[in-house]
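Keep the structure open while you read.

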Amino acid sequence: MTVSTRFALRIGAPLVAALLATTAAHADNWRYAMEEGLEDPQGLYATKFKEEIEANSDHTVQIYAVGTLGESADAMEQAQAGLLQFIDQSPGFTGALIPEAEAFLVPYVQPTDPKVVRKFFKEGVAVNEMFHEIYREQGLELLSVFPEGEMVVTTMEEFRTPADLEGMKIRTMTSPLLLETYTAFGASPIAMPWGELIGGLKTKMVDGQENPAIWIEAYDLDNLTNVMTYTGHGQYTTAVMANADFYDGLSDADKELVQNASQAALDYILDVAVELDATGLAKIKKTNPDYVINRLTTEERAPFQERAKAVEAAFVERAGERGAAILEQMKADLVTAQQ
Ligand code: 6CS
């Protein structure tokens, strides 16, 4: 007879069941860090995730917004060390750690048409099936990947050709592929964390940057530059992860809770992301009527697309066969999503 059976016989089965139930319902406070504020896309996702967890369990979720735990790279170290249970970090930063994540940054592979974006992220094979194992290798359980809007370049001067970009210092996030992209596009890129960008624009350390319209409007980047240009080269993508050891240590019920909350938050953000993109642009037009908004024509995009081939080659060189397979699948997913 095992110790637990003897113990159960002594104190009675109902009491044992009650004790086990208490243990199972043990309430934890889970820490969740993100790169944005509560009103921004990452904040809307995180709030929905928190609501779902708290409505369906005794656990609580504490959200740490941008700036509260350092820069993106600092938060990632804390998540990998298990000090944070959840983290939202974008491939624009994760690419420095996981080269395959830079697939989301390769120019002219991501969808920009709002009708296509939802399908690409919701049903795409690459997004939903090919990254899980890769993030696991870095101690991360990938939960959701979602878009925040088309990438737009804001600069002091107008540009329509790679030659126009010559000499312009463009700030990028810290994934190496972004430096390669803007070098290929003709500019002089400088990688820096988010916390340095506004100061960098004010002191003229950089002349421009790229981000989606919702973010440009929310953080006043339009008032620090003169022109915004739609080049059609990318979609701002972000990803939510859990610390893998923490996730593996959860009960089956809590794993299901986390997966369900992630799914609900993903469905929600996929519905609002496209709307947010349009809202950001409309607000810029209203509050900053003199701001120049250019959209490159198909002909004007062609030389940038041509130069993007070298960026793709740099991606494959770093991310290897696995990266190449992801990129091919993304291209196929794009075609499927466009149908
Ligand atoms: O440019 C950046 O660094 C930031 N852009 C967005 C849209 N979200 C967070 C990130 O840090």
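The report covers confidence, then the ligand, then the cavities.

**Confidence**

This is a predicted model. The protein has a mean pLDDT of 93. Of its residues, 93% reach 70 or more. Residues 1–24 have a pLDDT below 50. Beyond near neighbours in sequence, that stretch has six contacts in the model. Where pLDDT is low, the predicted coordinates should not be read in detail.

**Ligand**

Which residues surround the ligand? They are Glu35, Glu36, Phe93, Glu148, Arg171, Met173, Trp194, Asn211, Pro212, Trp215 and Tyr236. The side chain of Arg171 places an N or O atom 2.8 Å from an oxygen atom of the ligand. Asn211 has a side-chain N or O atom 2.9 Å from a ligand oxygen atom.

| Side chain (N or O atom) | Ligand atom | Distance |
|---|---|---|
| Arg171 | oxygen | 2.8 Å |
| Asn211 | oxygen | 2.9 Å |

**Cavities**

How many cavities of 30 Å³ or more does a search of the whole structure find? The search finds two.

The largest cavity holds about 70 Å³ of space. Phe104, Leu105, Val106, Met151, Leu178, Glu210, His233, Gly234 and Gln235 line the largest cavity. By class, five of these lining residues are nonpolar, three are polar and one is charged.

The second largest cavity holds about 50 Å³. Its lining consists of Ser90, Pro91, Gly92, Phe104, Leu105, Met151, Met173, Gln235, Tyr236 and Thr237. Two elements give two or more residues each to this lining: helix H5 (91–94) and strand E9 (235–243). E9 supplies the largest share, three residues. By class, the lining of the second largest cavity has six nonpolar residues, four polar residues and no charged ones.

Note on methods
Residues numbered from 1 in each chain as written. Predicted model: local features only at pLDDT ≥ 70, side-chain atom pairs only at ≥ 80, totals over all residues. Heavy atoms only, no water. 1 Å grid on protein atoms, 1.4 Å probe; cavity = no way out; pocket = protein on both sides within 12 Å on 5 of 7 lines; lining within 4 Å. Points joined across faces, edges and corners; volume = space filled by probe spheres on them. Nonpolar A, V, L, I, M, F, W, Y, C, P; charged D, E, K, R; others polar. Helix = DSSP H or I, 4+ residues; strand = E, 2+ residues; numbered from the N terminus. pLDDT = per-residue confidence, 0-100. Contact = heavy atoms within 4.5 Å. Near = heavy atom within 4 Å. Polar contact = N/O pair within 3.5 Å; in protein donor to acceptor, adjacent residues only side chain to side chain.
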